[in-house]
Amino acid sequence: MTRVLVGLLIAFSVTAACGRGDSQQSGQPAPSVIAIDGSSTVFPIGEALAEEFPKTYQGAQVTVGQSGTTGGFQKFCRGETDISNASRPIKASEVQTCAAAGIEFVEIPVAYDGLSVVVNPKNTWAQSMTVAELKKLWEPAAQGKIMRWSQIRAGWPDREIHLYGAGTDSGTFDSFTESIVGKTDASRGDYTGSEDDNVLVQGVAGDENALGYFGYAYYAENKDKLKLVAIDDENADNGAGPVLPSPETVRNGTYRPLSRPLFIYVSTAKLQRPEVKAFADFIVTNSAKLAGEVGYVALSDAEQQLVKDRWGTARAGSMYGEGVSDTTPLEQLLKSGR
């Protein structure tokens, strides 16, 4: 079964521990629903957790949507969901919106991702790109002006370049624009955008002149249809040159500047429901293993233990905030006690 089909089944609440129709026919109460929404990048992890949880906890039904990180937080802060998936830390403005609605949360790092720049396999010229070249291509000033491959690097073909990238409600969009352009939300607008990474995969896979970006897991699942572009962070002092994303380069930090942690946020009020508390415990215990199985990079053993320690204290709020950069090493933040 493809991920798209499984995702649709989950989104329409078909991952129940017992079916709604069966419970009604047997006279048993319908299963309790745990509602998750948010990042399409984190969706495969949430999907895997949702599939495995009913095997250990009967009577709970987990639904997983993918409205994008921003769209997910909007629902979360309205109290419409119990859990929010995010491919970036929650923003200060979102914290304020949640607080105004009386919603507190616990922040759970679950994995690492390496944002992947990809082209069609028939592309024989773009083996690597510098951060400066990506900025030239994606910054707002490029709109309507940088339209051909030959404008990016001398010697590249004089062909139109067709761009595919994250929709503006996606945390991937926030992370990419901040890492490449230098400012969150700063991007040209004349590209095919979607909060559903599968749409972007299909676009690049079917277009010889395409370039796109999305999470590494979507590349890993479609590597026969796509080709990675190595990224050269010319501002780095490690002399690494062009680096391809991989579990090793994402974890050791050499894939710069497009490595990032991924998060799941749980409403503290909803933790009063035994099934939500049990599912949150399940996330903390199993997310590293399942993240690796669906193509993401697991936290280190030390980081996993720090996450468990933080969860054990039920510490509410975000580690990120005033004076903290999204690029601050996760282990450093976990040790800080923020």
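Which residues are buried in helix 7? In this predicted model, the buried residues of helix 7 are Gly171, Thr172, Phe173, Asp174, Ser175, Phe176, Thr177, Ile180 and Val181. The helix is thus described as mostly covered, with nine of its eleven residues buried.

The protein has 13 helices and twelve strands. Of its 338 residues, 53% count as buried. Contacts between residues at least 6 apart in sequence join, in 76% of cases, residues at least 24 apart. Proline 54 is placed in the loop between helix 3 (43–52) and strand 2 (60–64). Its relative accessibility is 10%, and since buried means under 20%, proline 54 counts as buried.

The N-terminal end of the helix is capped by serine 170, a side-chain oxygen of which lies 3.0 Å from the backbone nitrogen of threonine 172. Just after helix 7, glycine 182 adopts a positive phi of about 100°.

A pair of aromatic rings is described by the distance of the centres and the angle of the planes. With ring centres required to lie within 6.5 Å, the count comes to 14 aromatic pairs. In one of them, the rings of tryptophan 138 and phenylalanine 176 have centres 5.7 Å apart and planes at 80°; planes over 60 degrees apart count as edge-to-face, so this pair is edge-to-face. Because tryptophan 138 lies in helix 6 (residues 131–138) and phenylalanine 176 in helix 7 (residues 171–181), the pair ties together parts that are 38 residues apart in sequence. Both partners fall under the cut-off for burial: tryptophan 138 counts as buried at 1% relative accessibility, and phenylalanine 176 counts as buried at 2%.

Tyrosine 216 and tyrosine 219 form another aromatic pair, which is tilted, with 5.9 Å centre to centre and 45° between the planes. An α-helix has 3.6 residues a turn, so residues three or four places apart point the same way. Because tyrosine 216 and tyrosine 219 are three residues apart in helix 9 (residues 216–221), they are separated by about one helical turn. Tyrosine 216 is buried at 10% relative accessibility, and tyrosine 219 is buried with a relative accessible area of 12%. Elsewhere, Phe73, Phe105, Phe263, Tyr265 and Tyr320 form one aromatic cluster.

Rolling a probe the size of a water molecule over the atoms shows where empty space is left. The largest pocket has a volume of about 790 Å³. It is lined by 35 residues, of which Ser259, Pro261, Asp326, Thr327 and Thr328 are the closest to its centre. Two or more lining residues come from each of helix 5 (92–100), helix 7, helix 10 (247–252), strand 12 and helix 13 (330–336). Helix 7, the subject of the opening question, gives the most to this lining, with four residues. By class, the lining of the largest pocket divides into 14 nonpolar, ten polar and eleven charged residues.

The structure also holds one cavity of 30 Å³ or more. The space in the largest cavity is about 50 Å³. Its lining consists of Ile108, Pro109, Val110, Ile283, Val284, Ser287, Ala288, Leu299, Gln304 and Val307. Strand 4 (105–114), helix 11 (274–293) and helix 12 (301–312) each supply at least two of the lining residues, and the largest share, four residues, comes from helix 11. The lining of this cavity has eight nonpolar, two polar and no charged residues, whereas the lining of the largest pocket includes eleven charged residues.

Technical notes:
Residues numbered from 1 in each chain as written. Predicted model: local features only at pLDDT ≥ 70, side-chain atom pairs only at ≥ 80, totals over all residues. Heavy atoms only, no water. Phe/Tyr/Trp six-rings, centres within 6.5 Å; stacked < 30°, edge-to-face > 60°. Buried < 20%, exposed > 50% of the residue type's maximum accessible area, 1.4 Å probe, protein only. Polar contact = N/O pair within 3.5 Å; in protein donor to acceptor, adjacent residues only side chain to side chain. 1 Å grid on protein atoms, 1.4 Å probe; cavity = no way out; pocket = protein on both sides within 12 Å on 5 of 7 lines; lining within 4 Å. Points joined across faces, edges and corners; volume = space filled by probe spheres on them. Nonpolar A, V, L, I, M, F, W, Y, C, P; charged D, E, K, R; others polar. Contact = heavy atoms within 4.5 Å.
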